Amino acid sequence: MLKASVVRTIPLYRAASALRVSPAPCFLGAISRTSHACLNTLTSNQVREQTLKEGTLRPGANSSPALTKPDEVSTVPTMVRGDWVLFHPVYTPEELKDVEILHRDAKTFSDKLAYSLVKAVRWGFDFVSGYRHKPIPPDSKLTLEQLRKGGYVLDERQWLSRILFLETVAGVPGMVAATLRHLTSLRLMRRDSGWIHTLLEEAENERMHLMTFMTLRQPSMFFRAMVLGAQGVFYNLFFFSYMISPRTCHRFVGHLEEEAVLTYTRCIQEIESGRLPEWASMAAPTIAIDYWRLAPNAKLLDVIYAVRSDESTHRFVNHSLANLDTNTDVNPFALREPDMHIKGKKLGFERDEAEKYVQESHEILQQSKAEQAAGSK
Ligand SMILES: [Fe+2]
Ligand SMILES: [Fe+2]
């Protein structure tokens, strides 16, 4: 069932829009939230006035609001803030809490290599950023200031630096893998078995994490230079590694995402225990409210829960893909993905589970087609 064939993959692709649907059509919703639903009936001056009143366009900025970028993080003009993003999940409150810290034991040589590389990357990053996880002594009476000075906890600024840097790197693997699979498909003139979209979704999802956290801080030139260097090195290393062994690369990302889940879980714990007071009551950035369809009064904490769920999805997807034959197997998530009650608590599908999942997707598809045919009679 998992082996890609023209017969199997074509109907699965065609059905993608039927099963993998973004939960809410947000484009119009987002526009109406910015009170620009009746855009066509307003003169450009009225639009500009309205935009200025809402504080979204700085006075003196370009007088073409439909093309103006309202701030340095977003290249999205406020007026068309909407859902041009790829498929991504929207979580229920229960799903957000259903994420566990998990670690997959390395079994093969390639697994061990991937995990060792993740440990090396983590160590290097901790060393450069001066981070070490120092457990707070039990029954500690230290104040927050003392805990920060003693290196037990990070402050909001340190957390943000760490998160921003990690997210600039995390967006690379999905794009590299998608690029290489795209090129393979062109070169060999055959279909890709549904992997490219899932990988692109992951890359975009990571970039949206970055865009979200960028609204909280403008990084320094030094920080940007570090990102530039890291991207140059990591992109090329990952590119050549993926050409040699895609499975090892997916395993590497799976382990990297285990670390991401751990990092965001610690961040959530810090906020909930009052050790990041500035973030405890901070409102969610608008970009995050749009992307994860959060409530208008959502907090930054809600955003971090959603980000952690995304990381858990990446963990699940990449460990599952690493269990497949990357040349011949269909991507089991081309049509649908398990919900967070599975993705948050399981490291991934083994190959036989993936095969069963594809079979189920096929049956759902057949059933849906039968129902449609019956309805149109
Ligand atoms: Fe991320
Ligand atoms: Fe991730």
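Figure 1. W279 is placed in helix α13, which spans residues 277–280. The model shown here and in the following figures is predicted. W279 is buried, because 20 other C-beta atoms lie within 10 Å and a residue with 20 or more such neighbours counts as buried. Apart from neighbours within four places in sequence, W279 is in contact with E156, I271 and L300. The view also takes in D155, which is 124 residues from W279 in sequence. In space, the C-alpha atoms of W279 and D155 are 9.9 Å apart.

**Figure 2. M282 in the loop between α13 and α14.** M282 is located in the loop that links α13 and α14. Is M282 buried, exposed or partly exposed? M282 counts as partly exposed, since it has 16 C-beta neighbours inside 10 Å. When neighbours within four places in sequence are left aside, M282 is in contact with K299 and L300. L300 is also among the contacts of W279. A298 is 16 residues from M282 in sequence, and the two C-alpha atoms are 9.0 Å apart in space.

**Figure 3. The whole protein chain, as context for the close-up views.** The protein chain contains 17 helices and 0 strands. Of its 377 residues, 34% are buried. Among contacts between residues at least 6 apart in sequence, 77% join residues that are at least 24 apart.

**Figure 4. The packing of helices α9 and α10.** Two packed helices are described by the angle between their axes and the distance between those axes. Helix α9 covers residues 172–188 and helix α10 covers residues 195–214. Their axes come within 7 Å and cross at roughly 155 degrees. The two helices are therefore roughly antiparallel. The crossing of α9 past α10 is left-handed. On the α9 side, the contact is made by G174, M175, A177, A178, R181 and H182. On the α10 side, it is made by W195, I196, L199, L200, E202, A203 and E206. Sorted by class, the residues of this contact are 8 nonpolar, 2 polar and 3 charged.

**Figure 5. The packing of helices α9 and α11.** How do the axes of α9 and α11 cross, and at roughly what angle? The axes come within 10 Å and cross at roughly 45 degrees. As a result of this angle, α9 is oblique to α11. The crossing of α9 and α11 is right-handed. From α9, the residues V172, P173, V176, A177 and L180 take part. They meet Q231, F234, Y235, F238, F239, Y242 and M243 of α11. By class, this contact has 11 nonpolar residues, 1 polar residue and no charged residues. A177 of α9 also takes part in the contact with α10.

**Figure 6. The largest nonpolar core.** In soluble globular proteins, nonpolar side chains tend to be buried together. The largest nonpolar core of this model has 49 residues. Within this core, A288, V303 and I304 touch the most other members. At least two residues of the core come from each of α6 (109–129), α8 (156–170), α9, α10, α11 (221–244), α12 (246–272), α14 (286–292) and α15 (300–322). The greatest contribution is that of α12, with 9 residues. I304 touches Y264, C267 and I268, when residues up to four places away in sequence are not counted. A second core of 14 residues is separate, and its members include V317, V330, Y357 and V358.

Figure 7. Where do M189 and R293 lie? M189 lies in the loop between α9 and α10, and R293 lies in the loop between α14 and α15. M189 has a positive phi of about 55 degrees, although it is not a glycine. Phi of R293 is near 55 degrees, which is likewise a positive value in a residue other than glycine. M189 is exposed, because 6 other C-beta atoms lie within 10 Å. R293, by contrast, is buried, because 20 other C-beta atoms lie within 10 Å.

Terms used:
Residues are numbered from 1 along each chain as its sequence is written. Chains are lettered from A and ligands numbered from 1 in the order in which they are written. This is a predicted model: local features need pLDDT of at least 70, side-chain atom pairs count only at pLDDT 80 or more; totals for chains, interfaces and linings use all residues. Helices (H or I, at least four residues) and strands (E, at least two) are DSSP runs, numbered from the N terminus. A residue is buried if 20 or more other C-beta atoms lie within 10 Å of its own, exposed if 12 or fewer, and partly exposed in between; C-beta atoms are placed from the backbone. Two residues are in contact if their C-beta atoms, placed from the backbone, lie within 7 Å. Axes are lines fitted to C-alpha atoms, for helices over the stretch in contact, and angles run from 0 to 180 degrees between N-to-C directions. Angles under 35 degrees count as roughly parallel, over 145 as roughly antiparallel, 65 to 115 as roughly perpendicular and the rest as oblique. A crossing is left-handed if the near helix is turned anticlockwise from the far one by less than a right angle, and right-handed if clockwise. Ala, Val, Leu, Ile, Met, Phe, Trp, Tyr, Cys and Pro count as nonpolar, Asp, Glu, Lys and Arg as charged, and the others, Gly among them, as polar. A nonpolar core is a set of buried Ala, Val, Leu, Ile, Met, Phe, Trp, Tyr and Cys residues joined through C-beta atoms within 7 Å.
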